[in-house]
Amino acid sequence: MMDRQIKAAATFSLGCRFSSRSGQRAVATPIWLLSLFSFFLFAPAFGATRSIVVPHVAGVYGWATTLTAFNPSTGAQSFTYTPVSDSGTAGAPGTHSGPGLGSIQLATPADLSDQGSGRIETSASLIFTLRYRYGDSLSVCDFILSETRSTGWLLPNPQVDWFSWVGVAFVNPNASAATVTVRAFRNGALSATQPVTVPAQAKTASLSTSLLTLGPGDFDWIHLESDLPISAPLVIAGSEDQDRHLFTAGPPVALDSSVPAVRASFGVSPEGPVPG
């Protein structure tokens, strides 16, 4: 049951908050200046080929995944989507075009396959979101995808009583294998450490009970440290009845060098078959 949960559920989110506080008199900022700032902050680079990872595709056990491309340009813009298996084998790429000032959707299983991950390549200024829905639920999880790569990531644990499982999923988008060290922390101390070797282009997805032998209430947050830059990982949490879920991704963060790099002996084999 737990394997099915981690197989079928994952997503990825970005959040942004802009605020200021000062003891001095506030000075109004011109609207045009804020608009210009927002444009350069969020708009993709023009002309450069961008590679964006779809970290997890869930199209089995009642789940559906939808990828949406939004086109802020007046002319049609295109992108290529390539499905990738859990083991890193790329499928046949497909080219898709979004109408000017419109959007286009790809969904499981016809467009995105039904499991694994995916890769988007485009030189256009398209914005991509990933949506997950379970069964005929009226709730969806819809998040903006990022092309950020980093060697360090922080993932928060939601830690609520009605969640009975929590897991992580991450992709190695590089051309060679990456070693990712997973560390869990609780009350200011290191709780568990486990290195995972992820083959080129492959995905790892595992519950905390399998990867670290820690239950959902046994850690506060997880840190991933990779020897190669990887795309944003996911933390996935839910209930046994599959009626409550949380999907989120933390920011890229480097651990302080004083944090001990020890490996816990849990008798697990994270380099074995990867669920999902």
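## Ground rules

The model is predicted, so local features need pLDDT of at least 70 and side-chain atom pairs count only at pLDDT 80 or more, while totals for chains, interfaces and linings use all residues. Residues are numbered from 1 along each chain as its sequence is written, and side-chain values use heavy atoms, with hydrogens and water left out.

Strands here are DSSP runs (E, at least two residues), numbered from the N terminus. Two strands pair if DSSP finds at least two bridges between them.

Now take the pairs in turn. β10 and β13 are joined by five bridges, with Phe170 partnered by Thr204 in β13. β10 and β15 also run antiparallel, with five bridges. Here Ala169 stands opposite Leu234 of β15. Strand β15 (residues 234–238) pairs with β16 over four bridges. Ala237 has Leu246 in β16 as its bridge partner.

## Inside strand β10

How many residues of strand β10 are buried? Seven of the seven, so β10 (residues 165–171) is largely enclosed by the rest of the structure. Buried means under 20% relative accessible area, exposed means over 50%, and partly exposed lies in between (1.4 Å probe, protein chains only).

In a regular strand, side chains alternate between the two faces of the sheet. In β10, Trp165, Gly167, Ala169 and Val171 point one way. Val166, Val168 and Phe170 point the other way. All of these residues are buried.

## A buried threonine

Thr82 sits in strand β3 (residues 77–84). Its relative accessibility is 6%, so Thr82 counts as buried. What does Thr82 contact, leaving aside neighbours within four places in sequence? The answer is Ala90, Gly91, Pro93, Gly118 and Arg119. Contact means heavy atoms within 4.5 Å.

Thr108 and Pro109 are joined by a cis peptide bond, with omega about -5°. Pro109 belongs to the loop between β5 (103–107) and β6 (117–122).

Two residues have a positive phi although neither is a glycine. Tyr61 has a phi of about 55°. Tyr61 lies in the loop between β1 (50–54) and β2 (63–70), and is partly exposed at 35% relative accessible area. Leu101 has a phi of about 60°. Leu101 is in the loop between β4 (94–98) and β5, and is exposed at 61%.
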